[in-house]
Amino acid sequence: MPAAAAPAPHTRTRTRSSGSPSAAIGPPLPYWGGAAVGAEEQRWRIGMDSAAAALLDSASASASSANAAGKEMPTARHIAHRTAHNMSSSSLRKKSDLALLRKVPCAPLRRLLDNLQEVLLATKLALLFPAVLLAIAARIFHFGQEWVFVLSLIGLVPLAERLSFLTEQVAFYIGPTVGGLLNATFGNVTEVIIAIFALYQGKVVVVKCSLLGSVLSNLLLVLGTSLFFGGLANLGTEQLYDKMQVDVSTGLLILGVLCHSLPLMLRYAVSSGEHAESSWDSGLELSRACSIVMLLAYVAYLFFQLKTHRQLFEPQPQEVEDDGDDSVSQDEAVLGFSSAMIWLGVMTLMTALLSEFVVSTIEAASESWELSVSFISVILIPIVGNAAEHAGAVIFAFKNNLDITLGVSLGSATQISMFVVPLSVLVAWIMGVPMDLDFNLLETGCLFLAILVTAFTLQDGSSHYLKGLLLVFCYIVISLCFFVLRQHGSMDF
């Protein structure tokens, strides 16, 4: 299928499923932001008459003169580096239908409605937004803490996807390098917010278990289901992927599990009498030192990803072409810089609010369902909280775009292991909370084996459905292990 013709700068072209330019529906639609919006496109959007159009032409000429004098407002530009996480989130977005907006007579109201439609409705997860309001209502009217927990988890699903969308919109205006850094750093902002609230309440168990569960979920569940369904959908097609990206991610994950293992081994060596520690908190000090090393390794990884070897992590052109469905792959901004920043702040506040609800009600949900806090944190929270990017990874596996699928699963696991976990340790240090990298024997063993199985599964550069099925089975047996532990009491550590 031929790719659609490239749209004019700073515009979006609505095309039918044929993907041809002749199937375009109406003229190009401008994004709302900056002085780069063409006068003809503005006239089309706000329905001006000829007199108003002449006035707009005069204003546009004045704006051009101001721009030439160095007073240019921030304008959108192409992002030279879109991460696999961005591509995965794009698969859950849909094209906006502006037919009704054209009938609104008031131009400012039309622009506001356009913003609301792009932010709240231009996603396939829009039906889950009522859960955000229901969670707030359940908290205010005391409907039951387990209901607050469930509704908050569901509400975090569309909020996480919208945070990714708005972060990408901001990245259009701040240049490819800083934009790529912003996208790479805030890919798992939901986990960071939950960890901060849990640390503030002193719930170190929830922080450790939820972060461990996110890594296990990405390595085994997300990657396994993607390879399984992608293999079934492409039985007659060879499924290949870039081994270099896999080698980089697995190398970092092995470094991360080494930093987790050292405080654990130190504790067992001291308790067995083989060695003596210099002070009672040697394990905590070692964890903080290892966390600094992990963050330095993550910074080196970002430099490798965004600068020296960025071509290894960029989606190929054939991976982003229009397949004729309702999804949209945006290479241009659809929101202005100020609008994107405002909405990013609003969505971040809503995510923080629901994260606080999840953290404060997890014990009540545990007692009501007779499940341990560890099982809920390791299994349930990562599955529901990361559902949006999980779905995107499976969609690209169906399309035989395994590089994007691997970028989502391995990239997310690497970011949590090498950035979010050590950051949580250092933030806890600042807050006076004694959090270390000792995740206990069972948890560290599961993490090590998950990384080992994933590395062996991806070592040959090709895939089939059986590989995915084996990864899913590994996740199931680990889930059963944490499930049966509820019969023997709490796993607090």
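Student: Against which helices do the buried residues of H8 pack?
Tutor: This is a predicted model, in which local features need pLDDT of at least 70, side-chain atom pairs count only at pLDDT 80 or more, and totals for chains, interfaces and linings use all residues. Residues are numbered from 1 along each chain as its sequence is written, and side-chain values use heavy atoms, leaving out hydrogens and water. Helices are DSSP runs (H or I, at least four residues) numbered from the N terminus, and contact means heavy atoms within 4.5 Å. The buried residues of H8 pack against H6 (145-171), H9 (204-233), H12 and H15 (402-431).

Student: How many residues of H8 are buried?
Tutor: Buried means under 20% relative accessible area, exposed over 50%, and partly exposed in between (1.4 Å probe, protein chains only). Among the buried residues of H8 are Val-189, Glu-191 and Leu-199. H8 is mostly covered, and its buried residues number nine of 12.

Student: What is the orientation of H8 and H12 to each other?
Tutor: Axes are lines fitted to C-alpha atoms, for helices over the stretch in contact, and angles run from 0 to 180 degrees between N-to-C directions. The axes of H8 (residues 189-200) and H12 (residues 337-369) come within 9 Å and cross at roughly 50 degrees. Angles under 35 degrees count as roughly parallel, over 145 as roughly antiparallel, 65 to 115 as roughly perpendicular and the rest as oblique. H8 and H12 are therefore oblique.

Student: How many nonpolar, polar and charged residues are in the contact of H8 with H12?
Tutor: From H8, Thr-190, Ile-193, Ile-194, Phe-197 and Ala-198 take part, meeting Thr-348, Thr-351, Ala-352, Ser-355, Glu-356 and Val-359 of H12. Ala, Val, Leu, Ile, Met, Phe, Trp, Tyr, Cys and Pro count as nonpolar, Asp, Glu, Lys and Arg as charged, and the others, Gly among them, as polar. By class, the contact of H8 with H12 has six nonpolar, four polar and one charged.

Student: Which residue with a positive phi follows H8?
Tutor: H8 has 12 residues and reaches 17 Å from its first C-alpha to its last, close to the expected 16 Å. That expected span is 1.5 Å times one less than the number of residues. The phi after H8 is near 75 degrees, and the residue is Gly-202.

Student: How far apart in space are Leu-480 and Phe-375, C-alpha to C-alpha?
Tutor: Leu-480 lies in H17 (residues 465-484). Leu-480 and Phe-375 are 105 residues apart in sequence, while their C-alpha to C-alpha distance is 9.3 Å.

Methods:
Helices (H or I, at least four residues) and strands (E, at least two) are DSSP runs, numbered from the N terminus.
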